[in-house]
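These are my notebook entries on a structure that I had not examined before.

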Amino acid sequence: MSDKNGSNYEFLTTGSIPKVILTMAVPTVVSMLVTSFYNMADTFFVGRINTQATAAVGVSFSLMSVIQAIAFLFGQGSGTYISRRLGAKDVEDASRMASTAFFAALGVSCLITLFGFIFLDQLAKFLGSTPTILPYAKTFMSCILIGCPFMISTLVINNQMRFQGNASLAMYGILSGAVINVMLVPLFIFVFDMGILGAGLGTLLGQFCGFCVIFTMSRKGNNLRINPRHITFSYKYAKEIIRGGSPSLTRQGLMAISTSMLNVAAGVYGDAAIAAMSVVTRICFFIQSVVIGIGQGFQPLCGFCYGAKLYQRVRDGYMFAVKASAIFLIVCVAAGAPFADTLVRIFRDDEMVIAVGTPALRWQMLTFPLVSVIQMSNMMLQTTGRALPANILAASRNGFFFIPSILILPYFFGLDGVEAAQALSDFLSFLLATPLALWMLGQLKGK
């Protein structure tokens, strides 16, 4: 075993659990926050164009969720396997998986770009574009589709490096892409007067630069190298990618569907309602990205320790991650809920947008603390290879519970039902996550 992997092994399997999780989580949290920030920056700068452009970015968020879903299928599917194999000290097998998953994801991303352009009109309408939003959505989505191979490749490498315990190096690619995006978008929109096209081009160039940086970082130190000679066509690898990555695919894929359904439900009440829900979604994702980052800091410890048969350490790591993320969310609710209208106004100073967005944001904040249990339980089940319960839980928040909520609540409560649908879904998902987590913790205790 290499020195680097050896040092990671010792740290992840013997270090203080709070120190390990926070050390692994900090670069991931930074990456998630910066990614969320530049998504919010797009919304902020585009919001200075008009309400339709703001709504178009919200519609395009569904497409980005689909692309991220594919990336997480290959990235987390291979990453969970890689961490377990490194925990078992089988570096050669882990290396073959890394290259196989990367090039498979690259091929799929090119197909997404091709078919996305062929069916661009239909795709934009399906994701919730109204006739007035459609021209803006098509322009922005075209840039997203061109950048799809870079986005997917970046996220696959990022996840693989993170599961190896090298989150700090993985952070640089995400940070560089985000910084370039934030710099270019206002330049293209306001200086070059490119409108929504400027936002799309800034995002595209940020993704390209981010990929170049993270690929360079993956060649440093003793990271597993991406090499076409290591590609291995194996049913075992395909099965492991699906087993480890399908919960992420389910979670992200249903996020795209739920966002599309949210846009359609909000669209009944006008473009301002779509814009408002888009703003709320971005704010909530920004806050919850810290929770996701803490969970992703827990995952390398979980994978290495599970592979090394240190099951009590997996249990202790899970409990710490739940407590840390819950405390953070409670603080966010206490600080943010009283100023929900101000938060929405920052992104779009439109009275109709604020009127819809303020109660929607408060509804979602009401169930924020419950998300800590949902996210950590899902990540524990996924990383330990419990595909079925992980998929069930991943499908709950944006699928099993959200889809009925967004269909039923507006029928009885109108716009109030649209605003409260995610909060109800989170509460029901928490009720499902709790027994699944207790079952898994019992399995680990029995081992």
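Is the crossing of helix 6 and helix 9 left-handed or right-handed? I looked this up in the model, which is a predicted one, and found the crossing to be right-handed.

**Entry: helix packing**

I noted that two packed helices are described by the angle between their axes and the distance between the axes. Helix 6 covers residues 134–146 and helix 9 covers residues 196–218. I found that their axes come within 8 Å and cross at roughly 15°. Helix 6 is therefore roughly parallel to helix 9, since angles under 35 degrees count as such.

I then listed the residues that make the contact. Helix 6 contributes Tyr136, Thr139, Phe140, Cys143, Ile144 and Ile146. From helix 9 come Ile196, Leu197, Ala199, Gly200, Leu201, Thr203 and Leu204. Sorted by class, this contact of helix 6 with helix 9 holds 10 nonpolar and 3 polar residues, and no charged ones.

**Entry: cysteines**

I searched the whole structure for disulfides and recorded 0. Cys209 is in no disulfide, and the nearest cysteine sulfur, that of Cys212, is 6.3 Å away.

I next looked up Cys332. Its closest cysteine sulfur belongs to Cys284, and the separation of 11 Å is too far for a bond; a disulfide requires sulfur atoms within 2.5 Å. With a relative accessible area of 16%, Cys332 is buried, as the cut-off for buried is under 20%.

Note on methods
Residues numbered from 1 in each chain as written. Predicted model: local features only at pLDDT ≥ 70, side-chain atom pairs only at ≥ 80, totals over all residues. Heavy atoms only, no water. Axes fitted to C-alpha atoms, helices over the stretch in contact; angles between N-to-C directions. Helix = DSSP H or I, 4+ residues; strand = E, 2+ residues; numbered from the N terminus. Parallel < 35°, antiparallel > 145°, perpendicular 65-115°, else oblique. Left-handed = near helix turned anticlockwise from the far one by under 90°. Contact = heavy atoms within 4.5 Å. Nonpolar A, V, L, I, M, F, W, Y, C, P; charged D, E, K, R; others polar. Buried < 20%, exposed > 50% of the residue type's maximum accessible area, 1.4 Å probe, protein only.
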